[in-house]
Amino acid sequence: MTNKIPTRIYLSEDEMPKFWYNLRADMKDKPDPILHPKTLKPVTSEDLAGVFCKSVIEQELDESTREIPIPADILDFYRAYRPSPLIRAYYLERALDTPAHIYYKFEGTNTSGSHKLNSAGPQGYYAKAEGFTSLTTETGAGQWGTAMAMACGFYDLKLTVYMVKVSAEQKPYRKALMEAYGANVIPSPSDITESGRKILSDDPLSTGSLGCAISEAIETAVKTDKCRYVLGSVLNHVMLHQTVIGLEAKTALDKYGIKPDIIIGCAGGGSNLGGLIAPFMREKLNGSSKTRFIAVEPASCPSFTRGRYAYDFGDTAKTTPLIRMNTLGSGYIPSANHAGGLRYHGMNSTLSKLYQDGYMEARAETQIGVFDAAIKFMKVEGILPAPESSHAIKAAIDEALECKKTGEKKVILFGLSGTGFFDMTAYTAYNEKTMSDYTPSDTDLKRGFDSIPDIPQNVCR
């Protein structure tokens with residue numbers, strides 16, 4: 001390419017972020033606090049101590065520290081695969097014949113194939129440092145489970161992964177990779193936990209959900225000696241760890257004086273999206289930027305676009321604290337679409353608050369349209385994207401085509417959060433035209449909404 005901006009913008013190790021950025025510190029109107037389900041009072045460190053590691057509890061409850069230093073050992077862990085490249089999508093721009101400049105931050109350069117390792121590493125490190133010997137977690141599409149299996153292999157920790165049953169069936173090689181790292185992978189719902197047995201008694205043919213898997217993982221953690229639960233999305237400490245994505249992207253763009261007009265991310269629980277937009281959102285919050293932020297979710301699990309902003313449980317068995325978020329209800333069971341990492345009933349509380357306050361947009365996309373975009377991108381950019389990431393690709397293409405209509409030369413940045421090499425069942429269904437689209441009816445959504453607890457909106461004020 002003759003353009004002065006290179007196709008791939010790499011940072012040096014010295015330019016890697018040395019801190020995580022806590023977006024909540026710069027929010028004038030902060031997310032409502034997490035509540036204890038029995039007292040309806042804000043949770044304390046003691047309330048969470050039996051489930052999570054102490055260090056992540058401190059991060060979860062911290063709303064005032066803007067920059068949280070990354071421990072040297074975690075920086076050393078990151079150096080195995082970071083910094084990740086920021087790529088100018090010249091070939092996609094040419095294929096679309098758009099005046100827009102398109103960039104994507106590519107997080108699929110590690111063995112797990114996704115951004116999830118950015119939080120798995122720190123959570124494994126903290127567990128080891130605090131003297132725990134095993135961890136439990138859930139996984140939807142398998143990216144988080146794979147990343148956590150890698151981290152536990154690195155830190156010599158035992159790991160039990162409850163994998164959403166339909167994803168375990170669709171992606172057997174994800175399961176094999178987790179097991180290669182030493183993890184015990186159990187399709188969820190299972191018959192080895194009380195919560196799993198209850199779910200199966202209500203629906204013996206249940207294909208599972210992240211809410212189901214979370215219930216089983218938490219139950220196992222609290223019943224196992226020297227064991228803690230780790231989570232790959234939704235909570236604020238996870239989004240905090242993912243801010244290395246946005247911090248690196250901003251440093252790379254700043255080197256060339258580039259200011260994005262539109263930033264796009266796929267949205268399931270919110271960690272990837274939040275990590276990408278955080279340092280750019282800071283500028284919008286202080287009034288120095290007019291960047292548009294677009295969250296893209298599957299039409300089959302539309303927590304932003306059709307969900308309710310309410311206090312809800314994070315799991316199907318209703319064992320977690322209450323989080324005020326955009327939610328479809330913890331009892332909502334999404335259809336078995338191929339974007340398994342986006343099949344969660346709720347959205348991160350910080351992102352939900354920003355959405356409610358008008359700082360973000362959201363749109364829902366159907367499955368076939370998303371795969372159309374993935375194939376178009378793959379053919380010209382040479383990267384096989386994960387179904388989750390392809391939601392962001394779909395919106396980026398749509399925005400670039402809009403620029404073609406208007407003649408505007410906008411800068412678009414999107415997050416390519418992972419690769420799709422373990423998603424060939426999905427691509428096969430697309431190629432063979434057996435893939436279907438599903439959008440829940442109002443009646444379908446009502447079943448989930450009916451599971452939302454009746455908590456007064458001003459209970460914490």
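## Largest pocket

The greatest contribution to the lining of the largest pocket comes from α10, with 5 residues. The model is predicted: local features need pLDDT of at least 70, side-chain atom pairs count only at pLDDT 80 or more, and totals for chains, interfaces and linings use all residues. Residues are numbered from 1 along each chain as its sequence is written, and side-chain values use heavy atoms, with hydrogens and water left out. Helices (H or I, at least four residues) and strands (E, at least two) are DSSP runs, numbered from the N terminus.

A pocket is found on a 1 Å grid over the protein atoms alone, as an open set of points where a 1.4 Å probe fits, with protein on both sides within 12 Å along at least five of seven lines; lining residues have an atom within 4 Å of a point. Volume is the space filled by probe spheres set on the points, which are joined across faces, edges and corners. The largest pocket has about 540 Å³ and 29 lining residues, of which V51, I218, T319, T320 and P321 lie nearest its centre. Both α1 (45-48) and α10 (210-222) supply at least two residues of this lining. By class, the lining comprises 17 nonpolar, 7 polar and 5 charged residues; Ala, Val, Leu, Ile, Met, Phe, Trp, Tyr, Cys and Pro count as nonpolar, Asp, Glu, Lys and Arg as charged, and the others, Gly among them, as polar.

## Second largest pocket

The second largest pocket has a volume of about 290 Å³. Its lining includes S195, K198, D202, T316 and A317, and α9 gives the most, with 4 residues. The classes are 4 nonpolar, 5 polar and 3 charged residues.

## Sheet

An open sheet of 7 strands runs in the order β1-β4-β5-β15-β10-β11-β14, with mixed pairing. Its edge strands, β1 (8-9) and β14 (361-365), each pair on one side only. Two strands pair if DSSP finds at least two bridges between them. Strands β10 (residues 262-266) and β11 (residues 292-298) pair in the parallel sense over 5 bridges, and I262 has R292 as its bridge partner in β11.

## Backbone exceptions in loops

Most residues other than glycine have a negative phi, and most peptide bonds are trans. A cis bond joins R82 and P83, with omega about 0°; P83 is in the loop between α3 (72-78) and β4 (86-88). Another cis bond joins S188 and P189, with omega about 10°.

D156 has a positive phi, near 60°, and lies in the loop between α6 (143-155) and β7 (158-164).
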